[in-house]
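Let's take a friendly walk through a protein model together. Have a look at the structure first, and then read on.

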Amino acid sequence: MAFPFAAKIAAQPGPQTAFLRSGADICIYGGAAGGGKTAALILEPLRHVGRVANFTAVFFRRTMPQITNPGALWDESLSVYPRLGGTPHVRLREWRWRCGGKIKFSHLQFETTVYDWQGAQITLIGLVRITGSPGREVRVG
């Protein structure tokens with residue numbers, strides 16, 4: 001896909017940049033709406049997915065509509081990943097790169113959904129506000 005203009009893809013100064021520069025194994029980035037959390041999550045795997053063979057990232061939300069609604073994770077990915085060599089596979093809700101790297105979007109709506117991921121080899125896991133039913137939390141791992 002050709003774009004009629006050049007666009008710079010970069011983090012916003014502040015918490016978004018700090019998140020993306022972190023070398024930590026586990027990084028928590030919170031805050032109010034509009035703080036750039038979704039955009040940072042979309043950018044995070046880009047340093048690896050196009051150059052590391054079979055790199056796999058999975059972004060989890062509570063429900064699939066939270067991924068596919070207008071302006072949600074999938075929409076945000078559409079504005080970035082094609083520019084950097086990603087090929088969308090809409091039915092699977094995933095992006096693939098030539099070297100075998102992939103970024104997948106999924107949900108953890110039910111406590112039993114966690115077991116669907118047992119044995120999966122995932123390099124990067126992004127959790128976006130995953131909570132269980134009131135008084136219960138969905139545990140990953």
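This is a predicted model: local features need pLDDT of at least 70, side-chain atom pairs count only at pLDDT 80 or more; totals for chains, interfaces and linings use all residues.

The protein chain holds 5 helices and 5 strands.

Averaged over the protein chain, pLDDT is 78, and 74% of the residues score at least 70.

| Element | Residues | Mean pLDDT |
|---|---|---|
| Helix α1 (lowest) | residues 15-21 | 69 |
| Strand β3 (highest) | residues 94-96 | 95 |

Now for the chain as a whole. Of its 141 residues, 33% are buried. The accessible surface of the protein chain is about 9000 Å², and carbon and sulfur atoms account for 53% of that surface. If you take the contacts between residues at least 6 apart in sequence, 59% of them join residues at least 24 apart.

Let's finish with a single residue. Where does Ser77 sit? Ser77 belongs to helix α5, which covers residues 73-78. Is Ser77 buried or exposed? Its relative accessibility is 0%, and because buried means under 20%, Ser77 counts as buried. Which residues is Ser77 in contact with, leaving aside neighbours within four places in sequence? They are Ile42, Pro82, Trp95 and Phe105.

Notes. Residues are numbered from 1 along each chain as its sequence is written. Side-chain values use heavy atoms; hydrogens and water are left out. Helices (H or I, at least four residues) and strands (E, at least two) are DSSP runs, numbered from the N terminus. Buried means under 20% relative accessible area, exposed over 50%, partly exposed in between (1.4 Å probe, protein chains only). Contact means heavy atoms within 4.5 Å. pLDDT is the predictor's confidence in each residue, from 0 to 100. Accessible areas come from the Shrake-Rupley method with a 1.4 Å probe; for residues, only the protein chains shown count as cover.
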